[in-house]
Amino acid sequence: MRDFEALYHDMAPEEVEEALAELEPRIQLTPTEGRSAKEIESLFEYMQGLSTLNRHAEAAEVFTALRGIIDDYRHRHAEAVDGLEYFYEWSTLALKLTPESRSTFVSMPLYHELLETFDNGPVALRYRGVQARAQLVRHVEFWLDKNGSLENLSEEDQAFIKAARDEYEALHEAAVDDCVEREDFLPVVRLYRNAAQFYLLQQKPNDAIVCLKEAVEYVADTPDYHETDKADLLLQIGQVFLGYTKFDIALRYFDQAYKIYEEAGEDFEIQMYQVEGWMDEARKRMKK
């Protein structure tokens with residue numbers, strides 16, 4: 001499925017409005033049964049456009065309808081990989097949008113469902129279960145920082161979280177090896193980016209940087225590769241070095257990213273401006 005968040009990211013509001021106007025005649029939230037893959041992707045696209053314009057109530061209606069539509073699609077196409085991808089994308093949004101309370105970790109049932117679905121699903125999508133584990137660990141840490149308490153969870157859920165953390169590294173390595181062997185390089189890049197975030201959470205910046213550098217090695221082999229995909233990763237590496245006071249090294253990576261965006265042309269002026277901001281920040285910190 002296309003990355004609709006990226007699609008709308010650089011559009012002016014009036015351009016997004018035009019895109020939604022074209023989509024609107026095809027958007028139907030009911031029935032939940034019998035919908036096609038094309039209709040589901042149109043709903044995802046429409047929802048993202050609404051969110052971009054801060055029309056959150058309308059986006060929420062689409063989001064709510066999508067779960068039933070996706071469940072029906074998966075039931076009718078039990079062997080189809082795209083149904084599982086729709087479920088993963090919907091779940092990722094749900095985890096972003098669901099507010100946690102201090103007394104309980106309300107997203108836990110969805111994490112159970114994600115891991116059960118992808119651990120037992122097609123081999124080509126097992127890596128999604130690895131991603132979900134890292135997301136769970138990050139989510140729990142965020143919840144604890146907001147005064148959540150593991151003591152409020154059942155013993156089963158506490159064990160589930162511990163297992164996700166303990167199993168992650170071995171499962172990550174196995175998933176990378178499997179995807180490389182099948183020459184499925186987009187998941188490899190996703191796994192390494194995911195692992196970088198996991199290691200940053202564990203206060204292991206060197207491991208995070210290694211993962212991002214590995215992603216750089218594989219990104220050129222991904223479908224629809226554009227040189228700016230490499231620049232995005234170089235920018236992230238620079239940000240990690242900046243966060244750990246390696247200002248001169250950060251500047252080198254920022255400079256590499258800037259040059260790629262510059263060569264890519266005027267469509268990437270916003271990215272160039274953002275990198276300039278990071279470069280200025282690194283220089284300011286060097287002078288302190």
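Axes here are lines fitted to C-alpha atoms, for helices over the stretch in contact, and the angles between N-to-C directions run from 0 to 180 degrees. Helices themselves are DSSP runs (H or I, at least four residues), numbered from the N terminus. This is a predicted model, in which local features need pLDDT of at least 70, side-chain atom pairs count only at pLDDT 80 or more, and totals for chains, interfaces and linings use all residues. Residues are numbered from 1 along each chain as its sequence is written, and side-chain values use heavy atoms, with hydrogens and water left out.

**View 1. Helices H9 and H10 pack with their axes 8 Å apart.** The angle between H9 and H10 is about 165°, so the two are roughly antiparallel to each other (that label is for angles over 145 degrees; under 35 is roughly parallel, 65 to 115 roughly perpendicular, and the rest oblique). Their crossing is left-handed, meaning that the near helix is turned anticlockwise from the far one by less than a right angle. Look for Phe 185, Tyr 192 and Tyr 199, which are among the H9 residues in the contact, and for Pro 205, Cys 211 and Tyr 218, which are among those of H10. Contact means heavy atoms within 4.5 Å. Sorted by class, this contact has 15 nonpolar, no polar and 3 charged residues. For that sorting, Ala, Val, Leu, Ile, Met, Phe, Trp, Tyr, Cys and Pro count as nonpolar, Asp, Glu, Lys and Arg as charged, and the others, Gly among them, as polar.

**View 2. Gln 203 sits in the loop between H9 and H10.** Its phi is near 60°, a positive value in a residue other than glycine. Gln 203 is exposed, with a relative accessible area of 56% (exposed is over 50%, buried under 20%, partly exposed in between, using a 1.4 Å probe and protein chains only). Now find Tyr 244, in the loop between helix H11 (227-243) and helix H12 (247-264). Leaving aside neighbours within four places in sequence, Tyr 244 is in contact with Leu 200, Gln 203 and Pro 205. The C-alpha atoms of Tyr 244 and Pro 205 are separated by 7.8 Å, though the two residues are 39 apart along the chain. Tyr 244 is partly exposed, at 32% relative accessible area.

**View 3. Helices H3 and H4 pack with their axes 9 Å apart.** Here the angle is about 160°, so H3 and H4 are roughly antiparallel to each other. This crossing is left-handed. H3 brings residues including Ile 40, Phe 44 and Met 47 to the contact, while H4 brings residues including Val 62, Leu 66 and Ile 70. The contact divides into 14 nonpolar, 2 polar and 1 charged residues.

**View 4. Phe 44, Leu 66 and Leu 114 touch the most other members of the largest nonpolar core.** That core has 92 residues. A nonpolar core is a set of buried Ala, Val, Leu, Ile, Met, Phe, Trp, Tyr and Cys residues joined through side-chain atoms within 4.5 Å. In soluble globular proteins, nonpolar side chains tend to be buried together. Not counting residues up to four places away in sequence, Leu 114 touches Phe 87, Tyr 88, Ser 91, Leu 95 and Ala 132. Ala 132 is also a handy landmark for Thr 92: they are 40 residues apart in sequence but 8.8 Å apart in space, C-alpha to C-alpha. Thr 92 is in helix H5 (residues 81-97), and is partly exposed at 27% relative accessible area.

**View 5. The axes of helices H7 and H8 come within 9 Å of each other.** They cross at roughly 140°, which makes H7 oblique to H8. The crossing is left-handed. Tyr 127, Arg 133 and Val 140 are among the contact residues of H7, and Phe 160, Tyr 168 and His 172 are among those of H8. By class, there are 12 nonpolar, 1 polar and 4 charged residues in this contact.

View 6. A cis peptide bond joins Thr 30 and Pro 31, with omega about 0°. Glu 183 has a phi near 55°, a positive value in a residue other than glycine. At 60% relative accessibility, Glu 183 counts as exposed.
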